[in-house]
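Please read the points below with the model open beside you. They are written for someone who is meeting this structure for the first time.

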Amino acid sequence: METLSRCRIVLVFFVCKSAVKVGQILVALPLSASPMKRSVRPLFSVLLLIAFAVTLTCRAVVRRVPQSERSSMAKLSAAADPVFNFNSTLLKLAAVELGEEKTKKEIELLLEGNFHSRVLYSLFSTWRRFNRVADGRARTSDGSLVSLRSPQFHRYWLEFRRVLNEWWRKKRFQDDIMSELIRLAKARLDEHNVAKAGKRGKRYSSCAVVGNSGILLMKDYGDLIDGHEFVIRLNNANISSFERHVGSKTSVSFVNSNILHLCARRETCSCHPYGANVPIIMYICQAVHFLDYTLCNTTHKSPLIVTDPRFDVLCARIVKYYSMKRFVDEIRKPVEEWSSAHDGSNFHYSSGIQAVMLAVGICDQVSLFGFGKSDSAKHHYHTNQKAELKLHDYEAEYELYHDLVHRPRAIPFISNTFNFPPVTKHQ
């Protein structure tokens, strides 16, 4: 009986699919072909009636098939189109955030302020040690030390919980968030830059995103980079003595929160290698880094902007999808092994990816510099680092850049209503 049932499922599926195909061809004929001869019209009418009858029969049979068997039909349909099935699986897996439960627990403890919790105590103790905070005191924005029990630190603590709670409340997937970046990021930059006040609500005419790859030392892109209206640099990369290769103009410094965590060790939280008037846009790597943001924010003459968490979620899904796709297509391993190969809960996109996607959202034209690698080049042009960080999948990110240049509509998770600007990648 089970074999007979499966045969019926297969028969129904293929008959329905054939009927649909025939129907599509017949409907398209009068539109695409020249006027039919009188001798052909009766034959066409008969074929159309047959296709219609077969379609009705398929519907009647499907209604009589039990729900459990209909599920099998759906599986067969997916199996008949392996590309669709493959992409559907990757999209579902890419939407799963493996470290979400751990992050949720840490944030709940931070918001509760329960320092007796082992997790929160460990987090806060690490933050205190790293920022050279001793004797129960924390460094404030003016460089002074304040007791954790004092009213002044209590005010900082309340502000920390407020911004963390607001950030966490907004953290979800939203496919049209790219269209909101002008309001969420550019509007704040324009408020700081009076000269750009007339362009509020509009994109920058041209943007250069300068990566940190050592391949930049092979080219003299300095003047070309500085010729853009808006220049984005990454993670406070040094430009002194490298101007010929990377330019000297900086419109915004895009960093991850680990960079601000380092800056918070200095007096007045100094984090301005390009000048105190250059704005900083930062995405949060760890929730506890909002402590650094809260303590340092008041010292910044220019905006210190935290990226919208909905934008973070979008970037994370896109990069994870490309990483999984490459893992299966090129490395030839089953997708089930991807997590162990990339330490799934710690897998993360690079700062470059999010800076590029930001530019795509706020610029009319985007130029990428220093995104690539060479066996003869250093990993970073301004350091001696040679090895890549394992928590990133740079090869997958390069494939994303390729699609941004050549076929942006292939990039998943982004709303179809978003208009991609032209992107140029300079080698």
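Predicted model: local features only at pLDDT ≥ 70, side-chain atom pairs only at ≥ 80, totals over all residues.

1. Residues are numbered from 1 along each chain as its sequence is written, and side-chain values use heavy atoms, with hydrogens and water left out.

2. A search of the whole structure finds 14 aromatic pairs, where rings of Phe, Tyr and Trp (its six-membered ring) pair if their centres lie within 6.5 Å, and planes under 30 degrees apart count as stacked, over 60 as edge-to-face and the rest as tilted. One of them joins Trp167 and Phe290 edge-to-face, at 5.5 Å centre to centre and with 65 degrees between the planes. Because Trp167 lies in helix H7 (residues 151-170) and Phe290 in helix H12 (residues 290-296), this pair ties together parts that are 123 residues apart in sequence; helices (H or I, at least four residues) and strands (E, at least two) are DSSP runs, numbered from the N terminus. Both Trp167 and Phe290 are buried, a word that stands for under 20% relative accessible area, with exposed over 50% and partly exposed in between (1.4 Å probe, protein chains only). Ring pairs also link Trp167, Phe290 and Tyr293 into a cluster.

3. Tyr398 and Tyr401 form a tilted pair, 6.5 Å centre to centre with 40 degrees between the planes. Both lie in helix H16 (residues 394-406), 3 residues apart, or about one turn of the helix, and Tyr401 is buried, at a relative accessible area of 2%.

4. The charged end of Arg317 sits over the ring of Phe173, 4.1 Å from its centre, and Lys186 lies over the face of Tyr204, at 4.5 Å from the ring centre. The criterion is that NZ of Lys or CZ of Arg is within 6 Å of the ring centre and within 35 degrees of the ring normal.

5. Ser257, in helix H11 (residues 257-263), counts as buried at 1% relative accessibility. Leaving aside neighbours within four places in sequence, Ser257 has contacts (heavy atoms within 4.5 Å) that include Met282, Tyr283 and His289.

6. Strand S8 (residues 366-369) is covered on both faces, with Val366 and Leu368 buried on one side and Ser367 and Phe369 on the other. Strand S3 (residues 207-210) pairs with S8 in the parallel sense over 4 bridges, pairing being called if DSSP finds at least two bridges between two strands, and Val210 has Phe369 as its bridge partner. S8 also pairs in the parallel sense with strand S9 (residues 423-426), over 4 bridges, where Val366 stands opposite Val423.
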